[in-house]
Amino acid sequence: MSQATAAVKKDSQAEHHEELSFLYKYILPVDHKIIGMQYIFTGLIMAIIGGYFSYAFRMQLAFPGEVVPLYGLVGPGEYNMLITNHGTIMIFWVAMPVLIAGFGNYLIPLMIGCDDMVFPRLNRLSYQIFLVSALVLIASFFVTGGGFGGAWTSYPPLSSNAEYSLTDWGASLWILAVALEFVSFLLGGINFITTTMNARAPGMKMMDIPIAVWFIVIAVILFMASVGPLIAGAVMLFMDQRLGTSFFLPSGGGDPLLWQHLFWFFGHPEVYVVLLPTMGIVADVITVFSRKKLFGYRTVLYTAFATGGLSFVVWAHHQFIAGIDPRVANVFVVTTVLISIPLAEMMFSYIATLYGGSIELKTPMLWALGFLAAFLIGGVTGIYLGASALDIYFHDSYFVLAHFHYTFFPITIIGMFAALTFWFPKMFGRMMNETLGKIHFWGTFIPFNCIFLPLFFLGLAGQNRRVYNFQLYPDLATQDLQNIRIFATLSLVVMLIFQLVFIYNFFVSMFKGEKAPNNPWNANTLEWSIPSPPPHGNFKTLPTVYRGAYEYSVPGRELDYWPQNEAPK
Amino acid sequence: MSDAHTHPNYIKIWYWLLVLLAISVVGPMFEIPALTIITAFGIAIVKSYLVAAYFMHLKFEKAIIWFLLTLSIILLGVFFFGTAPDLMMTEGDQWIDCIADKSCVEQRL
Amino acid sequence: MIEYFVQSASSFAGDIDNLFLVITLIIGFWFFLTFGALVYFIIRFRRKDGVKAKYIAGEKHSETKWTHYPHYAVIAMDVVIIAVNILVWVEIKQTLPPRDNLVRVIGQQWTWSFIHAGPDGELDTPDDVATANDLHLKLGETYHFELQSRDVLHNFSVPAFRLRQDAVPGRTISGWFKPTKTGTFDLQCAEMCGYGHGIMGAAVTVHSKESYENTMAQIRKGTYESHYQKRRGTKTGLPSKTSYVEDKDSFATLLASIF
Amino acid sequence: MHGPIATHRRATGIPTGRLAVWWLLASEIFIFGGLVTCFLLFKLNGSPGFEDAALTSVTAGAINTFVLLTSSLSIVLAHAAIENGDRVKTFRYIWYTIGGGLIFLGIKTYEYTGKIVHGHVITENLFWSFYYTMTGLHALHVIGGMVIMALISFDIRKGYNFQRVELIGIYWHFVDLVWIFLFPLLYIANF
């Protein structure tokens, strides 16, 4: 005992953060900031692939049967592969790595005031597994038979038998990549949770932690608690594919519905896994740019707990008409509609935060407010789908598609841009160009609505998802509906073109932008108290925390912000 | 390292575990289903409690770890009961498992 | 509101449309209230020099009531939604009204087979009439269907009937509908079922009594011309591409391209 | 060995390593728990094939349980020894544990071979699919634990990372715990 404690004590004194060689700084880093950026850049590259896929299949829908410029002809099998991998990439390889792993890695140690993650090498390992998973997924597009095309939910028996899916190795590599990605995030997640639980700066109480950190950690806990059964399910599916077992095959005694339950038991909490980090980031951004304390910090936190808890008991609303017992559906309707209560309360608190503020519409603030507005539409349309009877009409229609793009697009893309533009000065030590930033915002936000608002109406008209050519259905092949499809597609093209503005702004600002001061936005949290970009080891002397993260415009103070680590007089 | 607490007598716990193992092996020999379930799973729970509480020092651990482990078991229970109506029955409200009663169309499997 | 976009041709279509309307009214109210507050705050509380933001922690009751009261109202309206919804759900999915006729629907990659019960109203009897991709129904009769799948998941989806149900291999799922309007409607597969998912459609034709008997007689004699095939060649609204798509996507071509 | 200061903070009062192991085990509970739940769902449904549980060898299962329980004892004794600073004894106990793991895997291999020779392969029916999947995943955990234990034992001999004995111990007990539940599920309960 005594000897061991002595060893621990010796360890803690041994650390000094020297500058590292290029190899250890950028290729095999243990520094959480570099690992975080690796995640973000990998995620952005995957986002480009996912965006390219969406371009290809939207063009096919608007101009069926024609050769898509920069892609080629999209046949039915290829269309399935494109939509499947668009969904998979955007959720597992963009939303999760950028928002949770990327910003989680970058922000958690900075915001809670410590020098690194508690397990830096585990952190590196989890990124490397993630990278391998991304490469496996990309490899799956090029094997014989092409990439997997059974939709991102990969319902068996379609996904479990090559005879049905016609993508023998595509399906196996797909499930392998997804499973690897889960393992990577499990390892990363353990790191995040233990870091936040154990390594907070002295004085930082539970209620002083910035909402962004809280929400990332809650998201990770949700992920850990929901993904286990699906990892087991992935093992079972893989064995069905490769060894010929029949866990999900009715003729061998299995049940295809089992996969649906396993998948959605993970899949619904997953929605909140990606939502919460963005909600947290947005909380930080709107408080800074409205110079307001967050309205009801505790309320917001408790609603997040409630949402997280409820998210485990709503999963079957994805299966209302998928063959589950109709009596069970009633239970899930109740829980599903109930989940609107904490989320509505959270939304009300965010909007109430703006009340009486001093709002400055800088680019990050525009993104954050854009998120609130767009997510509001995504949220309210969810009520339709939570009602089982309406789900009879809307299930797997474009209404569902429009609904979840109104949640996932704000979460993933808008949230990501809010975070990138907000923390860009801290990451690279330069400011981004405001004008270009605003052009990019409007050039993304307006086309985004033009893409997905019309899709609600296509859903009302009875158009189903995952169909590669609606000309085959006379009721849907009318010129009016086709015009809507063409409009949505053209909006997508416009939006994709405007992303070039961001890429230009991002790289030019990274090298040529105006030098950023330590605290360009006059924010309170700890990461703004150190130089931009922070050195290896973050803090010269580790900070002590004296107050909560949102003490803006405190009466009786000359400055309208009050850094968390500023000692009281 | 574990904090200052007196060690339980590990050998004694081990003896108990072996006794329980013997019971769980002997139990099914009476071929009474109820007794089998009790000796098999009841004893498994007692054994796992002994291992967790004494060998894993859970008895001396902070409440949060208990909370964590209990929560994970509860969530698995939620999953079980949400899934059971579909998987544990061969017929329900407006559906029947037609493999079981061979009424299905011939499967192309 | 849905009937503005698509015809409503079954007895419960109106219920679903009404449910849609109820929910639209409720959430429309909330949406405009919340969205209005958001926009108003953004405009009203823009940064002005010399004006300092208010310090509101949102922890006192006088402050939290602004989020709590709306939130209680949300609960009340949720209860309304749940209640109305369960009524409609029970009617459509949990009850089987007495049947006039019976049809078995079988999905397989990538075609629909329909077995009409014939005059005796029972399946698995010699007078059954089997068709591929063509479902024929009599106006005003309550139909029960038995939904089965031969291979993977499929979904029996007829938007005009507001009807949708997955076909799960290994299960027979039953349900009902009652056509209330003559005409031919689309049936789409709505669950990803592989390569040909996009072309797995069928035509649902609701007949008057005489026309139904005629068609059935034609089918028995073998002189029947498929409504589904006839329909696919017509009115796509995109004249230039129609023939191209048509050739490219015929089932035989598809199969040939795979094997 | 050194690491960031963060690693040595303990705001919860639980050392970071131990906290992380507990979180790891919580996620493992979900993975094994998911499999066990699926197994139970099919078993309670009366799916055909589950009566084959009578064909598994209770003797082999019981011996394996005994081996794992004993190896659990030896790793906890290793932990007790390192708390007293007895590195030699710790090293020896860790290797006893690894030996236990090897015996376990040996018996497992013997069982697998016997079953496969008798035609009970993984595709025979759902019971055997679950049998091989669950015991296989468990065996992978045993192998992983043994490798880590071997690495730690050499650290101990060199005189550092003493706290890791407890961490691998907790993990090993968990592997033991999983087996305690697999044993009645796959070997005893053939009702």
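How far apart do the closest C-alpha atoms of chain C and chain D lie? They lie 13 Å apart, and no contact joins the two chains, a contact being two residues whose C-beta atoms, placed from the backbone, lie within 7 Å. The model is predicted: local features need pLDDT of at least 70, side-chain atom pairs count only at pLDDT 80 or more, and totals for chains, interfaces and linings use all residues. Residues are numbered from 1 along each chain as its sequence is written, while chains are lettered from A and ligands numbered from 1 in the order in which they are written.

Five pairs of chains touch, and the most contacts are between chains A and C. Here 91 residues of chain A are in contact with 89 residues of chain C. On the chain C side, the elements that each supply at least two residues include helix H1 (13–44), helix H2 (61–94) and strand E8 (171–177); helices (H or I, at least four residues) and strands (E, at least two) are DSSP runs, numbered from the N terminus. H2(C) gives the largest share of this side, 17 residues.

Within chain A, helix H15 (residues 398–428) and helix H16 (residues 434–460) have axes that come within 8 Å and cross at roughly 170°. Axes are lines fitted to C-alpha atoms, for helices over the stretch in contact, with angles from 0 to 180 degrees between N-to-C directions. H15(A) is therefore roughly antiparallel to H16(A), the term for angles over 145 degrees. Among the residues that meet are Phe409(A) in H15(A) and Phe452(A) in H16(A).

Definitions and conventions: Angles under 35 degrees count as roughly parallel, over 145 as roughly antiparallel, 65 to 115 as roughly perpendicular and the rest as oblique.
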